[in-house]
Amino acid sequence: MAQFLALLKRDYDRFGEAAFTPELMEAEAQRARQLYTDGVNRMMWSRGDHPGAIVVMEGESIEAVRANIETLPLRKTEMLVVEAIIPLAPYRGFGPRT
């Protein structure tokens with residue numbers, strides 16, 4: 001299982017703030033919680049630079065991660081932009097020293 005960093009943001013170019021209703025945002029949060037429970041979402045943060053999220057996700061491939069992102073209600077309505085899905089690799093500085 002590999003890890004990926006997903007950068008997601010709300011699409012304010014196409015949708016105004018009023019489109020992000022409390023009901024829709026609760027459905028989004030519920031799906032994110034389910035992905036966490038399922039072991040897909042490992043860590044999540046709200047973005048400080050733009051409304052959206054940064055998520056560490058696990059999956060067999062970038063396509064599998066993208067497929068899980070596509071299950072989010074905001075993606076289904078095209079109100080969420082996927083800025084990037086970045087594969088993560090171990091940091092070599094934490095490996096054993098010889």
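## E28 and the backbone of L74

In this predicted model, a polar atom of the E28 side chain sits 2.8 Å from the backbone nitrogen of L74. E28 itself belongs to helix α1, which covers residues 22–37.

So is E28 buried or exposed? E28 is buried, where buried means under 20% relative accessible area with a 1.4 Å probe, counting protein chains only. Yet E28 has no salt bridge, meaning a side-chain nitrogen of Lys or Arg within 4 Å of a carboxyl oxygen of Asp or Glu. R10 is the nearest side chain of opposite charge, and R10 is 8.2 Å away.

Which residues does E28 touch, once neighbours within four places in sequence are set aside? They are L72, P73, L74 and L80, with contact taken as heavy atoms within 4.5 Å.

## The chain around it

The protein chain has three helices and four strands, and they run in the order β-α-β-β-α-α-β. These are DSSP runs: H or I of at least four residues for helices, E of at least two for strands, numbered from the N terminus.

The C-alpha atoms fill a box of roughly 60 × 25 × 20 Å along the principal axes. Of the 98 residues, 33% count as buried. Take the contacts between residues at least 6 apart in sequence, and 66% of them join residues at least 24 apart.

## How to read the numbers

Residues are numbered from 1 along each chain as its sequence is written, and side-chain values use heavy atoms, with hydrogens and water left out. Local features need pLDDT of at least 70 and side-chain atom pairs count only at pLDDT 80 or more, while totals for chains, interfaces and linings use all residues.

Key: Buried < 20%, exposed > 50% of the residue type's maximum accessible area, 1.4 Å probe, protein only. Lys, Arg positive; Asp, Glu negative; His and termini not counted. Polar contact = N/O pair within 3.5 Å; in protein donor to acceptor, adjacent residues only side chain to side chain.
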